[in-house]
Amino acid sequence: MPLWKVYHPVGAFTAEDKKKLAKQVTELYANIPIPKFYVVFIFEEMPKDSCFVGGEPHNKFVRFKIDQMARTTPGPVIREWWMRTLDEVIAPFVKDRGYDWEITIDETPFDLWSLHGELPPPFESVAEKRWVKENKASPYTITEKLPVNLVLAPGISDR
Amino acid sequence: MPLWKVYHPVGAFTAEDKKKLAKQVTELYANIPIPKFYVVFIFEEMPKDSCFVGGEPHNKFVRFKIDQMARTTPGPVIREWWMRTLDEVIAPFVKDRGYDWEITIDETPFDLWSLHGELPPPFESVAEKRWVKENKASPYTITEKLPVNLVLAPGISDR
Amino acid sequence: MPLWKVYHPVGAFTAEDKKKLAKQVTELYANIPIPKFYVVFIFEEMPKDSCFVGGEPHNKFVRFKIDQMARTTPGPVIREWWMRTLDEVIAPFVKDRGYDWEITIDETPFDLWSLHGELPPPFESVAEKRWVKENKASPYTITEKLPVNLVLAPGISDR
């Protein structure tokens, strides 16, 4: 989580551009926080006349196709905020250069995901926190699957 | 909505073929109606021996992988009709040329979608209708988010 | 079902490797059982510096992006077992060669799927069984849509 597929015209981005965009988006996800190495970018060039919008060839179009599996984005407020935040981060790479662009995010099953042979630990678990710190996948114990903030007696009383 | 990824053998389609297919499918969606510029096609060539079907190399195979986010196709009757309709439109490009083919559609979240920096307006809203007419994304007001056919007093009485 | 997209560094796999991997994974699905021709592999090369992990270029990374539509994998036990089984099968192609890798599976709608112009028959129907045997798509009757093991009087009594 996430996988960013970026379909772009040949030559739209330099190696430096790609790295900068990947880095900035990675920082965004790292703030959630999730481990940085969860963020994968694959850039794909679209040769001339292989992209069509509205039935016409469009050679100034960038399509971001994103899969997110580590978190389900909860509720309409956060979902709208997230889309607008992504649009802001990518604007210098597309809008400011005269490209049209489109973003879609799919939320794929958390439990059909494996990373370097490990099934990623639960959201906000002790193991996930360790993965954030170490920035790599490694085995974890059943104790580490517990939430970082474990409350064994939830109830109606104030805390 | 929709994104059509078309994976095809090198040289299967001319530039003219691609444009014709994109145009015909765009017309189909425009009839729903949705804005024409919602329809995006990306054609990708599969080099020889990079496609396998049933464990064997298959160099006469075309794979249509479609994401739809503007509409959820409602109910079994319309879903079957839609698949058969798509099969009819693409038949001259695949079946009639001796290719095997497969189509799948995924329905991804409507509210995790942004287009040229705008979150697309609700289904059948005044703003969507305007987008259909202008065939481009633009800001819209909260009033334009209302349905074109707004009924403020739904109920059991006849209309 | 399934579609396996394999994004890999240029030259990571020989033609022989690709065929072997496709064959072994196909066998796995064939054991469910589902028709072998349901299993489609598309290998895509990622040119140098078009793949980033955690914001840094990563040229030893293989990304498996899988769509499954013929079956929904039921329950946490089978879902975990399935991921671990896939990891085992691909290990010789990635882990044992020094690549990092990631697998995600999406489960897309069964009823928005068409294969060589046919809508695939229901799970474990007579028609599906015939497709397994013939290993190709063909028209089927309404009778063939019935389950292979049809029980017309389900109830609480022992069988």
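**Handedness first.** I began with a pair of helices: α1(A) passes α2(A) in a right-handed crossing. For my own reference, a crossing is left-handed if the near helix is turned anticlockwise from the far one by less than a right angle, and right-handed if clockwise. Helices here are DSSP runs of H or I with at least four residues, strands are runs of E with at least two, and both are numbered from the N terminus.

**Ground rules.** I am working with a predicted model, where local features need pLDDT of at least 70, side-chain atom pairs count only at pLDDT 80 or more, and totals for chains, interfaces and linings use all residues. Residues are numbered from 1 along each chain as its sequence is written, while chains are lettered from A and ligands numbered from 1 in the order in which they are written.

**Back to the helix pair.** At what angle do α1 and α2 of chain A cross? I found roughly 150°, with the axes of α1 (residues 15-30) and α2 (residues 75-90) coming within 10 Å. Axes are lines fitted to C-alpha atoms, for helices over the stretch in contact, and angles run from 0 to 180 degrees between N-to-C directions. α1(A) and α2(A) are therefore roughly antiparallel to each other; that label is for angles over 145 degrees, with under 35 roughly parallel, 65 to 115 roughly perpendicular and the rest oblique.

I then listed who meets whom: L21(A), Q24(A), V25(A) and L28(A) on the α1(A) side, and T85(A), V89(A) and I90(A) on the α2(A) side. Contact means that C-beta atoms, placed from the backbone, lie within 7 Å. Sorted by class, this contact has five nonpolar, two polar and no charged residues. In that sorting, Ala, Val, Leu, Ile, Met, Phe, Trp, Tyr, Cys and Pro are nonpolar, Asp, Glu, Lys and Arg are charged, and the others, Gly among them, are polar.

**Chain A as a whole.** I counted three helices and seven strands in chain A. From the N terminus the order reads β-α-β-β-β-β-α-β-β-α. The C-alpha trace spans about 60 × 35 × 25 Å along its principal axes.

Which strands make up the open sheet? I traced seven, in the order β4(A)-β3(A)-β2(B)-β1(B)-β5(B)-β6(B)-β7(C), with mixed pairing. Strands pair if DSSP finds at least two bridges between them. β4 (56-57) of chain A and β7 (113-115) of chain C are the edges, each with a single partner strand, so one side of each has no neighbour in the sheet. Helix α1 (residues 15-30) of chain B packs on this sheet, where it touches β3 (51-53) and β4 of chain A and β1 and β2 of chain B. The direction of α1(B) makes about 30° with that of β3(A).

Across the chain boundary, β3(A) and β2(B) pair in the antiparallel sense over three bridges, where F52(A) has F41(B) as its bridge partner.

**Chain B against chain A.** I noted 28 residues of chain B in contact with 27 of chain A. α1(B) gives the most to chain B's side, six residues. That side has 15 nonpolar, six polar and seven charged residues.

**Chain C against chain A.** Here 27 residues come from chain C and 28 from chain A. β6(C) supplies the largest share of chain C's side, eight residues. That side divides into eleven nonpolar, five polar and eleven charged residues. β7 (residues 113-115) of chain A and β6(C) pair in the antiparallel sense over three bridges, and S114(A) has I103(C) as its bridge partner.

**Symmetry.** Chain C can be laid on chain A by a turn of 120° and a shift of 0.0 Å along the axis, RMSD 0.0 Å. That is the relation of a three-fold axis. I note that superposition is by least squares on C-alpha atoms of residues with pLDDT of at least 70 in both copies. Only 4% of the interface residues of chain B are also interface residues in chain A, so the copies meet through different surfaces.

I found a cis peptide bond between I32(B) and P33(B), omega about 0°, and P33(B) sits in the loop between α1 and β2 of chain B. E124(A) is a residue other than glycine with a positive phi, near 55°; its place is the loop between β7 and α3 (126-134) of chain A.

How values were computed. Contact = placed C-beta atoms within 7 Å.
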